[in-house]
Amino acid sequence: MQMDLGSLLQALIPSWNSAYLLLGFFAYLAIVGSIVPGKLVPGAVLADGTRLHYRCNGLVSLLLLVALLGISAKMGFVSPTVTLALYFAGCKSRSKGSSLKPHITGSLIHDWWFGIQLNPQFMGIDLKFFFVRAGMMGWLLINLSVLAKSIQDGTLSTSMILFQLFCALYILDYFVHEEFMTSTWDIIAERLGFMLVFGDLVWIPFTFSIQGWWLLVNEVKLTMAAVIANCLVFLIGYMVFRGANKQKHVFKKNPKAPIWGKPPKVIGGKLLASGYWGIARHCNYLGDLLLALSFSLPCGISSPVPYFYPIYLLILLIWRERRDESRCAEKYKEIWAEYRKLVPWRILPYVY
């Protein structure tokens with residue numbers, strides 16, 4: 001027992017090599033993200049009328065990183081199986097702009113957890129955009145490492161292939177449509193504190209990949225019906241998630257753009273009530289939940305462990321939906337009340 005505990009504690013202590021790899025990863029993202037050509041996308045208009053601009057070159061950066069790691073693994077350089085500063089910087093800020101203006105409640109824990117500034121920057125790098133990009137890339141790299149281990153051990157299964165395929169498609173799609181991120185809740189409303197930094201750098205890559213780790217040591221045999229059903233869950237989830245987010249993004253750029261071939265229905269000139277947004281007020285969350293479920297279904301139903309991600313996401317999105325509802329009710333007032341009457345369902349029609 002003592003040996004097991006000692007081994008566990010030793011495993012939790014990061015090695016110098018892992019520290020160097022992490023610092024190298026961050027340096028790569030900072031340098032490549034700044035110099036690689038990419039579409040310059042204007043963000044949402046902030047409360048003071050200003051707007052940030054984002055260089056959306058994440059897909060090229062990701063593919064280049066995977067290629068470099070593949071070459072390094074081939075040459076034997078790497079193995080294929082391998083926030084208080086924000087608080088104090090925010091407190092010292094004298095900016096009056098929405099992005100950098102400090103929002104201090106007086107509670108150290110609250111301000112450290114939720115953050116002080118909306119869009120803090122370091123050496124010209126937007127930290128919020130940087131951290132979420134690092135988390136998504138880290139998730140894929142861990143998955144690829146698990147895949148390499150599975151191939152190396154000769155245990156590659158249909159379940160592992162499905163899990164890897166769905167996650168890879170989801171992550172690559174994120175970077176293909178990276179500009180849509182600029183109009184999401186995290187970017188336009190959530191301040192950058194421990195919650196977002198920890199979520200991006202630790203939670204996303206290390207908990208969203210649990211299914212892969214579980215499949216390394218557990219054999220699951222799927223029937224053809226189960227494989228087809230799993231693929232359908234993924235496709236439906238993707239259609240709803242990507243479709244809803246795209247409709248919202250296009251609407252913000254051009255409020256008169258057709259939705260499903262018809263002129264959009266708009267409440268009070270501000271709130272979209274057509275397409276997916278006429279079905280449920282947070283229909284994109286339903287798509288996200290179905291996608292999360294599709295990542296876990298290849299693991300079967302013998303254990304709850306692989307379902308950690310969809311269960312956690314369900315709790316998170318309900319909590320976020322409640323916060324968003326409160327914020328929108330305060331911001332849009334009677335317009336929001338009218339929208340709620342027209343679209344009574346929050347996430348899942350006729351259920352919630």
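Student: Let's get our bearings. How many helices and strands does the protein chain have?
Tutor: This is a predicted model, so keep that in mind throughout. The protein chain has 352 residues, and 45% of them are buried. Its secondary structure comes to 14 helices and six strands.

Student: And the outside? What share of the accessible surface of the protein chain belongs to carbon and sulfur atoms?
Tutor: The accessible surface comes to about 19,100 Å². The part belonging to carbon and sulfur atoms is 69%.

Student: Which residues make the nonpolar surface patch that includes Met224?
Tutor: Start with Met224 itself, which lies in helix H11, residues 224–253. Met224 has a relative accessible area of 59%, so it counts as exposed. The patch covers about 610 Å², and its members are Met224, Ile228, Leu232, Leu235, Ile236 and Met239.

Student: Staying in helix H11, is Gln247 buried or exposed?
Tutor: Gln247 lies in helix H11 too. The cut-off for buried is under 20% relative accessible area. Gln247 comes in at 9%, so the word is buried.

Student: A glutamine in there must meet something. Which backbone nitrogen does the side chain of Gln247 reach?
Tutor: Look at what Gln247 touches beyond four places in sequence: Ile259, Trp260, Leu272, Ser274, Gly275, Tyr276 and Trp277. One of these supplies the backbone nitrogen, 2.9 Å from the Gln247 side chain. That residue is Tyr276.

Student: Ile259 is one of those contacts. How far apart in space are Ile259 and Gln247, C-alpha to C-alpha?
Tutor: Ile259 sits in the loop between H11 and strand E5, and its relative accessible area of 7% means that it is buried. Leaving out residues up to four places away, Ile259 touches Gln247, Pro264, Leu272, Ser274 and Gly275. In sequence, Ile259 and Gln247 are 12 residues apart; in space, the C-alpha distance is 7.2 Å.

Student: On to charges. Which residue forms a salt bridge with Arg133?
Tutor: The count for the structure is seven salt bridges. In this one, the closest N and O atoms are 2.8 Å apart. The pair links distant parts of the chain, 45 residues apart: Arg133 is in helix H6, and its partner is in the loop between helix H7 and helix H8. Both residues are buried, and the partner is Glu178.

Student: How many residues apart in sequence are the parts that Glu325 and Arg281 tie together?
Tutor: The side chains of Glu325 and Arg281 meet in a salt bridge at 2.7 Å, N to O. Glu325 lies in helix H13, while Arg281 is in the loop between strand E6 and helix H12, so the parts they tie together are separated in sequence by 44 residues.

Student: Are Glu325 and Arg281 buried or exposed?
Tutor: For Glu325, the relative accessible area is 7%, so it is buried. Arg281 has 4%, so its label is also buried.

Student: Which residues are linked with Glu321 in a network of salt bridges?
Tutor: Glu321 forms a salt bridge with Arg322, with the closest N and O atoms 3.6 Å apart. Glu321 is at 0% relative accessibility, so it counts as buried, whereas Arg322 is at 44% and counts as partly exposed. The residues linked with Glu321 in the network are Arg322 and Arg346.

Student: What about cysteines? How many disulfides does a search of the whole structure find?
Tutor: Cys231 has 27% relative accessibility, so it counts as partly exposed. Cys328 has 7%, so it counts as buried. As for disulfides, the search of the whole structure finds zero.

Student: Now some backbone angles. What is the phi of Lys333?
Tutor: Lys333 is found in the loop between H13 and helix H14. Its relative accessible area is 52%, so Lys333 is exposed. Lys333 is not a glycine, yet its phi is positive, at about 50 degrees.

Student: Where does Tyr350 lie, given that its phi is positive too?
Tutor: Phi of Tyr350 is near 70 degrees, in a residue other than glycine. With a relative accessible area of 72%, Tyr350 is exposed. Its place in the chain is the segment after H14.

Terms used: Residues numbered from 1 in each chain as written. Predicted model: local features only at pLDDT ≥ 70, side-chain atom pairs only at ≥ 80, totals over all residues. Heavy atoms only, no water. Patch = residues over 30% accessible without salt bridge, like charges linked within 9 Å, V, L, I, M, F, W, Y side chains within 5 Å. Areas by Shrake-Rupley, 256 points an atom, 1.4 Å probe, with all protein chains shown as cover. Salt bridge = Lys/Arg side-chain N within 4 Å of Asp/Glu carboxyl O. Helix = DSSP H or I, 4+ residues; strand = E, 2+ residues; numbered from the N terminus. Buried < 20%, exposed > 50% of the residue type's maximum accessible area, 1.4 Å probe, protein only. Disulfide = S-S within 2.5 Å. Polar contact = N/O pair within 3.5 Å; in protein donor to acceptor, adjacent residues only side chain to side chain. Contact = heavy atoms within 4.5 Å.
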